[in-house]
Amino acid sequence: MRLAHRIAALAVIAMGSSIAQRADAQFVVDQSQLLVQRFNASSNRIGQTFMPTAGNAAGAGAFVYNPTPGVFTATLSAELWAGGTANSVGATLIASGTQSYTLAAGASAWVDVFWTAVGVTPGSTYFLDYGSDNSGSRFGFACCTSPAPSLAYLYGDMYRANSAGAGTTYRSVQEADLAFREYYSVTPEPASVALLATGLLGVFGVARRRKA
């Protein structure tokens with residue numbers, strides 16, 4: 001294959017690859033509380049308020065635990081609410097998703113749920129609501145009073161649902177945080193794709209002039 005044709009093919013391949021990468025968004029942790037000191041048994045839903053620094057939210061994770069003597073498979077659901085805790089007056093559900101998981105007896109692990117990225121306002125308070133279809137599921141959370149209050153998540157609090165019914169209200173758990181992580185979505189800058197294409201086409205033009 002001649003040099004000019006090789007460069008042209010390279011330009012097409014590179015542009016196609018860049019477009020594919022843009023379509024395949026990457027998920028990055030924005031807010032989190034990763035310290036897990038003890039487990040909180042909860043058959044009801046449980047939540048955490050937080051303040052994002054990114055302009056979108058694309059997923060959330062929780063640290064779950066299997067308290068049963070055998071292996072079980074369950075489904076974690078996560079909801080993102082704006083304007084208050086879940087089901088409160090004025091609050092709006094803006095995103096949600098589910099993720100199945102399997103844990104051995106006594107095992108614990110992070111389980112992440114992702115959804116199509118939604119816009120959020122950095123510095124505003126949002127609410128993450130978690131639940132499971134397995135009533136024995138337990139969610140790990142970090143207690144911020146002892147032994148390490150300095151490791152507390154500073155921009156929100158943990159909440160528990162008052163009942164298991166639909167539309168239940170939530171109450172704050174003072175000085176405690178859920179072990180959680182919240183993700184935002186990142187895609188390559190369009191300018192970098194255009195720059196790459198322009199550079200390759202420029203090289204292609206030089207090759208054609210040399211041939212002439």
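Are Asp 112 and Arg 181 buried or exposed? Both are buried. Buried means under 20% relative accessible area, exposed means over 50%, and partly exposed lies in between (1.4 Å probe, protein chains only).

This is a predicted model, in which local features need pLDDT of at least 70, side-chain atom pairs count only at pLDDT 80 or more, and totals for chains, interfaces and linings use all residues. Residues are numbered from 1 along each chain as its sequence is written, and side-chain values use heavy atoms, with hydrogens and water left out.

**Salt bridges**

The structure holds two salt bridges. Here a salt bridge is a side-chain nitrogen of Lys or Arg within 4 Å of a carboxyl oxygen of Asp or Glu. Side chains of opposite charge can pair when their charged atoms come close.

| Pair | Closest N and O atoms | Separation in the chain |
|---|---|---|
| Arg 45 and Asp 129 | 2.8 Å | 84 residues |
| Asp 112 and Arg 181 | 2.9 Å | 69 residues |

Each pair links distant parts of the chain. Arg 45 sits in the loop between strand E2 (38–41) and E3, and Asp 129 in strand E8. Asp 112 belongs to strand E7, Arg 181 to strand E13. Strands (E, at least two residues) are DSSP runs, numbered from the N terminus.

Arg 45 is partly exposed, at 23% relative accessible area.

**Nonpolar cores**

A nonpolar core is a set of buried Ala, Val, Leu, Ile, Met, Phe, Trp, Tyr and Cys residues joined through side-chain atoms within 4.5 Å. The largest has 31 residues. Leu 76, Leu 80, Trp 115 and Tyr 130 have the most contacts inside it. Several strands each supply at least two residues of this core, including E3 (46–50), E4 (56–65), E7 (108–119) and E8 (126–132). Strand E5 gives the largest share, six residues.

Contact means heavy atoms within 4.5 Å. Leaving aside neighbours within four places in sequence, Tyr 130 is in contact with residues that include Leu 76, Phe 139, Leu 178 and Phe 180.

A second, separate core has seven residues, among them Ala 86, Ala 91, Phe 127 and Tyr 159.

**Ser 185**

Strand E13 (residues 180–186) also holds Ser 185. Ser 185 is buried, with a relative accessible area of 17%. Beyond its neighbours within four places in sequence, Ser 185 is in contact with Ala 25, Gln 26, Asn 56, Ala 58 and Ala 117.

Conventions: Helices (H or I, at least four residues) and strands (E, at least two) are DSSP runs, numbered from the N terminus.
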